[in-house]
Amino acid sequence: MAVDLNKNKDSLVAAWREVVDDKNPIDWALYGYEGQTNVLKVVSKGDGGIEEMIEDLSSGKIMYGFVKVLDPKTSLPKCVLIIWQGEGAPMVRKGVCAKHVHDVSKVLHGAHITVNARNEDEVDPQIIIDKVAKSTGSDYSFKERAEPERAAPVGTRYEKQNPAKEINASERDRFWEKEELEEKKRQAEEKRKREEETKRIDQERIRLEEKSMEIMQQKEAEWTQKHPEPLKEEKIVPKSFVKPLKELNFNNGHTNVPAATEVEEEELSPLAQAQRTLASVASLDDAPAPMQLSPDNETPEPSVVEERLESQAEEPPSKEDFGIRARALYDYQAADATEISFDPEDIITHIDMIDEGWWQGLGPDGSYGLFPANYVELVIDD
């Protein structure tokens, strides 16, 4: 149950105020319960200090003491709250009154320390004063003021510095001459290193240029050796067709047929020129015999002769004249002038298998060069 502080509140507060008042001689007050109730009352008070209060403590009761003592460090009065639980007090009563400490400390507030005691040895005046002294942070007496000691003058060994005496002019000049000489040597060394580095870079550049020129000349020689320039051959017209026209004379009153002496040359691509050349060579072997005049001196019509000449000259070459042929499977664009370009289904002729991965051949646009072998398939004639 809670403690009853309202019934005797005026007397409780009055006794507390007498203790905390520095001008009042009362320096302790003792509180207890009325019988076995929870009503708190003033048991006694006095001005004899802790020794006098100890005489009123009962070993069989629960009591509260509020006492004023003098702090030995500061010489100022300090208040102490003593929670007394006698050794002979019933255990049940101790348990109930333990809950009243908080409420009692609110009424008897202002205590610097709180002491729990069960016998008179624990409330010995010296023990209480020692606990008060320990709770004080500063060790300063407000009553005794010591005179401050006058400090003696502080001595010094300071001497005014004279740069002219401490600095030797000759040594200073020698020092700076040495520094200047070392700086000139350093600059000369850096200049020499820069010149050597520039010279080395120029020599390396010249060497690389010469090496690059040598490699280009070597590649150009290899290319010229592998790809000689084709000879330009003129279109050959079988003489067996031209000569009879020159010798023919028409005696039956017909106008002489002019001789076909020249054939205009067309500007042809290398592939077309090669095809025309092969066709002309083949036509020489298969050319018909010179035309003979009939017994009746009848001469064939000039148009018939010209048609026969054109048919012989424009006869396409045989498949053997294109050499090894291949059909493009994929499109390929030349990386440089040494390669050829083609599209799928284009025919590449005159193939030279110079390597396992790269061949040479005549492209559809008439250019001759390298191309990857895995981009084409060989054309096998039946």
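Biologist: Which residues form the nonpolar patch on the surface, with about 390 Å² of accessible area together?

Modeller: In this predicted model, that patch is made of Ile324, Met353, Leu378 and Ile380. Leu378 belongs to strand β10, which covers residues 376–378.

Biologist: Why is Leu378 called partly exposed?

Modeller: The relative accessibility of Leu378 is 39%, and the label covers values between the limit for buried, under 20%, and the limit for exposed, over 50%, so Leu378 counts as partly exposed.

Biologist: What makes Glu87 exposed or buried?

Modeller: Exposed requires over 50% relative accessible area, and because Glu87 has 55% relative accessibility, Glu87 counts as exposed. Glu87 sits in the loop between β4 (77–85) and α3 (91–97), and a patch of negative charge on the surface gathers Glu87 with Glu51, Glu120, Asp121, Asp124 and Asp130.

Biologist: How do you know that Glu18 forms a salt bridge with Lys45?

Modeller: The closest N and O atoms of Glu18 and Lys45 are 3.0 Å apart, and the criterion asks for a side-chain nitrogen of Lys or Arg within 4 Å of a carboxyl oxygen of Asp or Glu, so the pair qualifies as a salt bridge. Because Glu18 lies in helix α1 and Lys45 in strand β2 (residues 40–46), the pair ties together parts that are 27 residues apart in sequence. Glu18, with a relative accessible area of 22%, is partly exposed, and Lys45, with 41%, is partly exposed.

Biologist: What makes the contact between Arg327 and Glu345 a salt bridge?

Modeller: Here the closest N and O atoms are 3.6 Å apart, and the cut-off is within 4 Å, so Arg327 and Glu345 also meet the criterion. The pair links distant parts of the chain, 18 residues apart, with Arg327 in strand β6 (residues 326–328) and Glu345 in the loop between β6 and β7 (347–352). Arg327, at 28% relative accessibility, counts as partly exposed, whereas Glu345, at 57%, counts as exposed.

Biologist: Are Asp71 and Lys78 buried or exposed?

Modeller: Both Asp71 and Lys78 are buried, and their side chains meet in a salt bridge with an N to O distance of 3.0 Å.

Biologist: How many residues does the largest nonpolar core have?

Modeller: It has 21 residues, and those with the most contacts inside it include Tyr31, Leu40 and Phe66. Two or more residues each come from α1 (9–20), β1 (28–33), β3 (62–70) and β4, and α1 provides the largest share, 4 residues.

Notes
Residues are numbered from 1 along each chain as its sequence is written. This is a predicted model: local features need pLDDT of at least 70, side-chain atom pairs count only at pLDDT 80 or more; totals for chains, interfaces and linings use all residues. Side-chain values use heavy atoms; hydrogens and water are left out. Patches are made of residues with over 30% relative accessible area and no salt bridge: like charges are joined within 9 Å, nonpolar side chains (Val, Leu, Ile, Met, Phe, Trp, Tyr) within 5 Å. Accessible areas come from the Shrake-Rupley method with a 1.4 Å probe; for residues, only the protein chains shown count as cover. Lys and Arg count as positive and Asp and Glu as negative; His and the chain ends are not counted. The place of a charge is taken as NZ of Lys, CZ of Arg, CG of Asp or CD of Glu. Buried means under 20% relative accessible area, exposed over 50%, partly exposed in between (1.4 Å probe, protein chains only). A nonpolar core is a set of buried Ala, Val, Leu, Ile, Met, Phe, Trp, Tyr and Cys residues joined through side-chain atoms within 4.5 Å.
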